[in-house]
Amino acid sequence: MSSTPFSPTATPSERRQAFRNGLNSGKLQRFVGALNPLAARLIQDKGFEGVYVSGAVVAADLALPDIGLTTMTEVVGRARQTARVTDLPTLVDADTGFGEPMSAARTVVEMEDAGIAGLHLEDQVMPKRCGHLDGKSVVPTSDMVRRIAAAVEARRDPNFIICARTDARGVEGLDAAIERAKAYADAGADLIFTEALADASEFEAFRKAVDTPLLANMTEFGKSELLPASTLNDLGINAVIYPVTTLRVAMGAVETALDDLAETGTQAAWLDRMQHRSRLYELNHYADFNSFDSSLFTYGR
């Protein structure tokens, strides 16, 4: 248990165990994308089961498109910052593993060292594209199997979740995506991420065909119907991510507020819509840090 406000109470091992237990619980595990580490605190406070670090959000935070321009160190850095502020398990988008299978293996080691509970690797070619855009290409199944096998071999904590994402639905069709998922599970993937399925019927077909735990992506403005958590749970889906929701909500509000500020010359009308300073202090544990600092000062005297 942490004795300072600098780290979460739950250890990385405990968070990984919680993730694995959640996948086997029969209850949908809701992982919400955190636009920043402070948002991860809020996600925990609101009772969700996990935090997600989206590659699209990390890229957008750097004002870059989601086309594989971010580096492993940039993503691991954001992942570490996020995982250190929450007791929830953190799942990270590791794109295609940032290189060859050996690079995917190194990525697993770096993520484990950062306190992450799991990551997902995808079967797109490099450079990748957003999973809900057209024009994607996927690598041969055998290449992705090697990518997964390298990742599985590299992990040291057996509870670290290796999730395999397939983008084949939009390229080769649903049946091909199902066959790929089976091959990825055989290669050691603990969780299958089925990208860009159209609707409930496709999730149901995937669930009937694949025994491995499944993850759904409920991203806005994409190719998938936005299914309620209750529906996904009834379909037998094990986990769901809301990868960019907090970023889109925040940036939408920021843009509207800036328009208003530019027009009126004051932010006064927005005070009731802002997070109050006192709530910010609650989330960043201001009182805990102040107490810790006071105890050191007293001891030093």
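Guide: Start with how helix angles are read. Axes are lines fitted to C-alpha atoms, for helices over the stretch in contact, and angles run from 0 to 180 degrees between N-to-C directions. Keep in mind that this is a predicted model.

Visitor: At what angle do α7 and helix α8 pack?

Guide: Two packed helices are described by the angle between their axes and the distance between the axes. Here α7 and helix α8 (residues 200-209) pack at about 35°. Their axes lie 10 Å apart. The crossing of α7 and α8 is right-handed.

Visitor: Which residues of α7 and α8 make the contact?

Guide: From α7 come L174, A177, I178, A181 and K182. From α8 come E202, A205, F206 and A209. Seven residues of this contact are nonpolar, two are charged and none is polar.

Visitor: Now take helix α4 and helix α5. How do their axes cross?

Guide: Helix α4 spans residues 72-83 and helix α5 spans residues 101-113. Their axes come within 10 Å and cross at roughly 25°. Angles under 35 degrees count as roughly parallel, so α4 is roughly parallel to α5. The crossing of α4 and α5 is right-handed.

Visitor: Which residues make the contact of α4 and α5?

Guide: M72, V75, V76, A79 and R80 belong to α4. R106, T107, E110 and M111 belong to α5. The residues of this contact divide into five nonpolar, one polar and three charged.

Visitor: And the strands? How many are in the barrel?

Guide: Strands of a sheet pair through backbone hydrogen bonds, either parallel or antiparallel. In this model, eight strands form a closed barrel, β1-β2-β3-β4-β5-β6-β7-β8, with parallel pairing. On average, neighbouring strands are turned by 25° against each other, direction ignored.

Visitor: How many bridges join strand β7 to strand β8?

Guide: Three bridges join strand β7 (residues 214-217) to strand β8 (residues 239-242).

Visitor: Which strands does helix α6 touch?

Guide: Helix α6 (residues 141-154) packs on the sheet and touches β4 and β5. The direction of α6 makes about 170° with that of β5. Helix α7 (residues 174-186) also packs on the sheet, touching β5 and β6. The direction of α7 makes about 160° with that of β5.

Visitor: Last, the whole protein. How many helices and strands are there?

Guide: Twelve helices and eight strands. The radius of gyration is 20 Å, close to the 19 Å that the globule rule gives for 301 residues, so the protein is as compact as a globular protein of that length. The C-alpha atoms fill a box of roughly 65 × 50 × 35 Å along the principal axes.

Key. Residues numbered from 1 in each chain as written. Predicted model: local features only at pLDDT ≥ 70, side-chain atom pairs only at ≥ 80, totals over all residues. Heavy atoms only, no water. Helix = DSSP H or I, 4+ residues; strand = E, 2+ residues; numbered from the N terminus. Parallel < 35°, antiparallel > 145°, perpendicular 65-115°, else oblique. Left-handed = near helix turned anticlockwise from the far one by under 90°. Contact = heavy atoms within 4.5 Å. Nonpolar A, V, L, I, M, F, W, Y, C, P; charged D, E, K, R; others polar. Pairing = 2+ DSSP bridges. Rg over C-alpha atoms; globule rule 2.2 N^0.38 Å.
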